[in-house]
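I opened my notebook for a friendly look through this one. Here is the structure I had on screen.

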Amino acid sequence: MRYYLKSILTQVEVYCNLELKKYTMSDKKTPIKVSLEPGKKYAWCTCSHSENQPFCDGSHRKHNATPSLAFEVTEAKEASLCTCKLTNNPPYCDGSHRK
Ligand code: FES
């Protein structure tokens with residue numbers, strides 16, 4: 001009986017983890033540090049489907065998801081770009097992934 005219950009609990013746990021993963025906006029929830037250059041146009045992924053996080057690879061079209069956010073910088077800088085898509089200051093990480 002004990003083994004039977006443990007087996008069921010394990011199956012439920014695996015199922016819940018799969019469901020959670022399915023609804024997670026991004027598997028990688030921490031920011032990615034990038035070097036940004038002035039005069040260059042960037043497209044930040046807003047849908048989490050891109051394989052090129054934190055940048056758009058066009059996958060939103062295939063998934064009928066939200067389009068990318070275009071942005072530029074005025075001076076060269078290192079920046080932490082959001083990958084959890086919960087930031088209130090896109091495309092930059094604002095620490096929302098910790099909440
Ligand atoms: S990675 Fe999204 S707020 Fe930090």
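This is a predicted model: local features need pLDDT of at least 70, side-chain atom pairs count only at pLDDT 80 or more; totals for chains, interfaces and linings use all residues.

My opening question: in which loop does Cys45 lie? I found Cys45 in the loop between strand E2 (42-44) and helix H2 (59-63).

**Entry: confidence.** I looked up the mean pLDDT of the chain, which is 82, with 72% of the residues at 70 or more. I then turned to residues 3-24, where pLDDT stays under 50. For that stretch the model has zero contacts beyond four places in sequence.

**Entry: layout.** I noted two helices and four strands. Read from the N terminus, the order of elements is α-β-β-α-β-β. I also looked at contacts with a separation of 6 or more: 48% of them join residues 24 or more positions apart.

**Entry: back to Cys45.** Is Cys45 buried or exposed? Cys45 is buried, because 28 other C-beta atoms lie within 10 Å, and the cut-off for buried is 20 or more. Across the chain of 99 residues, 15% count as buried.

Next I listed the contacts of Cys45, leaving aside neighbours within four places in sequence. They are Ser50, Gln53, Pro54, Phe55, Cys56 and Ser68. I also checked Lys85, which is 40 residues from Cys45 in sequence, and the C-alpha to C-alpha distance came to 8.4 Å.

**Entry: core.** Which residues make up the largest nonpolar core? I wrote down six: Trp44, Cys45, Cys56, Leu81, Cys82 and Cys93.

How values were computed:
Residues are numbered from 1 along each chain as its sequence is written. A nonpolar core is a set of buried Ala, Val, Leu, Ile, Met, Phe, Trp, Tyr and Cys residues joined through C-beta atoms within 7 Å. A residue is buried if 20 or more other C-beta atoms lie within 10 Å of its own, exposed if 12 or fewer, and partly exposed in between; C-beta atoms are placed from the backbone. Two residues are in contact if their C-beta atoms, placed from the backbone, lie within 7 Å. pLDDT is the predictor's confidence in each residue, from 0 to 100.
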